[in-house]
Amino acid sequence: MIRDITIGQYYPAESRIHRLDPRVKIVCTLLFLVSLFIQNSLPGYVIATIYLACVIRLSRVPLKYILKGLKPVVILLLFTVVMNLFLTDGGEILVQFGIFTITENGLRTSVFMAVRLMYLVTGSSIMTFTTSPNGLTDGMEKLLHPLNRFNVPVHEVAMMMSIALRFIPILLEETDKIMKSQQARGADFESGNIIQRAKAMVPILVPLFVSAFRRANDLAMAMESRCYHGGEGRTKMKPLHYHGRDRAAYFITLIYLVIMFAVGRFLPFKLWIF
């Protein structure tokens, strides 16, 4: 399960999505996530599926690698589906047993919430798969640059977010090594109920925190030894510039948003349900 977490990892490939400006990928990802929350109809999610499928195809990231990142959120996905399925009222009653009732609105809401959660994870993963940590740092710093007028440490904030993303796969690998070493000494992380499994994970936290603080200290010393003192006065070896493909990506995403808004605003209500 630990190795199935792919958030924050970069997948090197030669694709049109990889060649886009990091700012374009960050903005388009945010707009895609927003579009999932302003839409609550079946045609809207069909359009979102087509858009996401095209992006995945253009990114040349294997579909198996993307689906692998959904495994860690399966429990959250099931919890969301169950809660919406049994706690949403309204509409025609489909199934009723005891105190539990499944209504038409509950079924529709649970399905849409499950799809929305999967698309949130997939859309965010595509951005990290196709953008290097340095690219994400430069893109976020450039987008947040106007906040410098309000004395916001934009460079430091972007650097912290980049370091956090870079440390995710490192800490996951460290956790996997600790678990395997403890299993070799007789530790059992698989048997028992959920509470017992959670208690069995407690001995992993101490060596994991020690390793994380050690790595953070080594990184701080390395940055200080290279005379790093923040972003003031620093230049970029590869400054960001918009190209034709970046403007085309913005234009396509804008068309997608207009279509999503039009579907949600003008499509007859009877077509919203299954």
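User: How do the residues of the lining of the largest pocket divide into nonpolar, polar and charged?

Analyst: This is a predicted model, in which local features need pLDDT of at least 70 and side-chain atom pairs count only at pLDDT 80 or more, while totals for chains, interfaces and linings use all residues. Residues are numbered from 1 along each chain, and side-chain values use heavy atoms, without hydrogens and water. A pocket is an open set of points on a 1 Å grid where a 1.4 Å probe fits, with protein on both sides within 12 Å along at least five of seven lines, and lining residues have an atom within 4 Å of a point. With Ala, Val, Leu, Ile, Met, Phe, Trp, Tyr, Cys and Pro as nonpolar, Asp, Glu, Lys and Arg as charged and the others as polar, the lining divides into 14 nonpolar, 15 polar and 15 charged residues.

User: Which residues are closest to the centre of the largest pocket?

Analyst: The largest pocket has a volume of about 1,400 Å³, taken as the space filled by probe spheres set on the joined points. Among its 44 lining residues, those closest to the centre are Asn134, Thr137, Asp138, Glu141 and Lys236.

User: Over which residue's face does arginine 23 lie?

Analyst: A charge sits over a ring if NZ of Lys or CZ of Arg is within 6 Å of the ring centre and within 35 degrees of the ring normal. Arginine 23 lies 4.0 Å from the ring centre, over the face of tyrosine 242.

User: Which helix gives the largest share of the lining of the largest pocket?

Analyst: Helices are DSSP runs (H or I, at least four residues), numbered from the N terminus. Elements giving two or more residues to this lining include helix 1 (22–37), helix 6 (133–143) and helix 8 (194–225). The largest share, eight residues, comes from helix 7.
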